[in-house]
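The sequence and structure come first.

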Amino acid sequence: MEGLAPGIRSEAERWTRILHDGGPRSLPRREGTVWLHLNGARPALVGWSGRYDHLREVTRDDIVTHLKALHGRHRHNQLVALRSLFAWAKRNGLVFRNPTSRIKVRHRSRNRRCRRPLRRGVGRGLAR
């Protein structure tokens with residue numbers, strides 16, 4: 001967890017330990033899931049470590065600003081990881097409010113294709 005502020009690093013280490021080993025009210029996660037969450041949250045945590053000492057200083061605007069630069073699967077994975085981290089921090093009294101609450105992952109509809117008008121003469125016999 002190099003590059004993180006000491007307060008953020010200790011909180012993130014506790015979170016990953018609970019993810020890996022489980023806790024009184026949580027089951028252990030598979031190692032791949034722990035790595036996915038850790039790698040998803042790490043870029044944001046490194047960026048915030050330059051400005052903040054603890055997770056409780058991170059605001060919703062910080063999270064939204066971080067996510068605006070991301071698209072697709074990267075955005076989804078990082079938001080899921082940050083939701084997990086801040087939900088854990090809220091349950092354990094490390095943050096007062098969960099800044100990731102009510103941030104939606106926007107899924108692109110598969111039916112939203114660029115529609116082109118039909119060429120002349122194509123489809124005339126269809127609408128009778």
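The protein has 4 helices and 0 strands. Read from the N terminus, its elements follow the order α-α-α-α. The model is a predicted one.

**Overall figures**

Of the 128 residues in the protein, 34% count as buried. The accessible surface amounts to about 9,700 Å², and carbon and sulfur atoms account for 49% of that surface. Contacts can also be sorted by distance along the chain: among those between residues at least 6 apart in sequence, 59% join residues at least 24 apart.

**A positive patch**

Which residues form the positive surface patch? They are Arg-60, Arg-83, Lys-90, Arg-97, Arg-102 and Lys-104. Two of these residues are described here in more detail.

Arg-60 belongs to helix H3, which covers residues 60-68. Its relative accessibility is 37%, so Arg-60 counts as partly exposed. Arg-102 is located in the segment after helix H4 (72-91). Because its relative accessibility is 60%, Arg-102 counts as exposed. The backbone of Arg-102 has a phi near 65°, a positive value in a residue other than glycine.

Arg-60 and Arg-102 are separated by 42 residues in sequence, while their C-alpha atoms are 9.7 Å apart in space. With neighbours within four places in sequence left aside, Arg-102 is in contact with Arg-60 and Arg-97.

**The salt bridge**

How many salt bridges does a search of the whole structure find? The search finds 1. It is formed by Arg-51 and Asp-62, whose closest N and O atoms are 3.5 Å apart. The pair links distant parts of the chain, with Arg-51 in the loop between helix H2 (31-49) and H3, and Asp-62 in helix H3, 11 residues apart. Asp-62 has a relative accessible area of 10% and is therefore buried.

Side chains of opposite charge can pair when their charged atoms come close. Glu-11, in helix H1 (residues 6-21), is buried yet has no salt bridge. The nearest side chain of opposite charge to Glu-11 is that of Arg-56, 4.8 Å away. Leaving out neighbours within four places in sequence, Glu-11 is in contact with His-54, Leu-55, Trp-88 and Leu-94.

**A buried threonine**

Is Thr-100 buried or exposed? With a relative accessible area of 2%, Thr-100 is buried. Thr-100 is in the segment after H4. Not counting residues up to four places away in sequence, Thr-100 touches Ile-63, Leu-82, Arg-83 and Phe-86.

| Residue | Relative accessible area | Class |
|---|---|---|
| Arg-60 | 37% | partly exposed |
| Arg-102 | 60% | exposed |
| Asp-62 | 10% | buried |
| Thr-100 | 2% | buried |

Key: Residues numbered from 1 in each chain as written. Predicted model: local features only at pLDDT ≥ 70, side-chain atom pairs only at ≥ 80, totals over all residues. Heavy atoms only, no water. Patch = residues over 30% accessible without salt bridge, like charges linked within 9 Å, V, L, I, M, F, W, Y side chains within 5 Å. Areas by Shrake-Rupley, 256 points an atom, 1.4 Å probe, with all protein chains shown as cover. Salt bridge = Lys/Arg side-chain N within 4 Å of Asp/Glu carboxyl O. Lys, Arg positive; Asp, Glu negative; His and termini not counted. Charge placed at Lys NZ, Arg CZ, Asp CG, Glu CD. Helix = DSSP H or I, 4+ residues; strand = E, 2+ residues; numbered from the N terminus. Buried < 20%, exposed > 50% of the residue type's maximum accessible area, 1.4 Å probe, protein only. Contact = heavy atoms within 4.5 Å.
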